[in-house]
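Thanks for coming, everyone. Please have a look at the model on the screen, and then we'll walk through a few positions.

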Amino acid sequence: MQIEQRGRGRRMTTTEQDDLERISIQAGQAIFDEGDFGDRAYIVEDGIVEISRKVGGEKMTLGTVERNGIFGEMALIDESKRIASAVAVIDTVLIPVPKVAIQSILANADPLLRKLVSVLVSNARSLSDHIARVVGDEN
């Protein structure tokens, strides 16, 4: 996996990539729950993670995240509670990305890019809430 440090124009070396913390999650194990406060996002190094939320007391799957995908970032960007739960579908290996790393990257980003990211997160939260309301009304 290549992780580029924005603004410095260099990629992490293989040794730096090997030094990243990894977490092994068993199939069926929760990574975080809807309503939790977030202190990190996650990159899926191997495996599959299901993202879901409760709607009308029932689980609604929003999607899955597979190899090289990232999840849990929204709570770090807007410092709100998590809007969904994350559970490993199969045995999964994750690379945690601390909140301070995300905040540092955003702090050094172009102001227009920061605003765009903020708007996208806000829109994603609003859309998720709207879908939950519509589906909840149908049940």
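Leucine 106 is in contact with Ile77, Arg114 and Val117, leaving aside its neighbours within four places in sequence. Contact here means heavy atoms within 4.5 Å. This is a predicted model: local features need pLDDT of at least 70, side-chain atom pairs count only at pLDDT 80 or more, and totals for chains, interfaces and linings use all residues. Residues are numbered from 1 along each chain as its sequence is written, and side-chain values use heavy atoms, with hydrogens and water left out.

Back to leucine 106. It sits in helix H3, residues 99–107. Helices are DSSP runs of H or I with at least four residues, strands are runs of E with at least two, and both are numbered from the N terminus. From leucine 106 to valine 117, eleven residues apart along the chain, the C-alpha separation is 8.9 Å.

Next, threonine 92. Strand S10, residues 92–98, holds it. Is threonine 92 buried or exposed? Buried: its relative accessible area is 2%. The cut-offs are under 20% for buried, over 50% for exposed, and partly exposed in between, with a 1.4 Å probe and protein chains only. A polar atom of the threonine 92 side chain lies 2.6 Å from the backbone oxygen of isoleucine 90. Beyond four places in sequence, threonine 92 touches residues including Ile23, Val44 and Val49.

Last, alanine 27. Its place is the loop between strand S3 (23–25) and strand S4 (30–32). Alanine 27 is partly exposed, at 45% relative accessibility. Its contacts, neighbours within four places set aside, are Ala88, Val89, Ile90 and Asp91.

Conventions:
A polar contact is a pair of N or O atoms within 3.5 Å; within protein, one must be able to donate a hydrogen and the other to accept it, and residues adjacent in sequence count only if both atoms are side-chain atoms.
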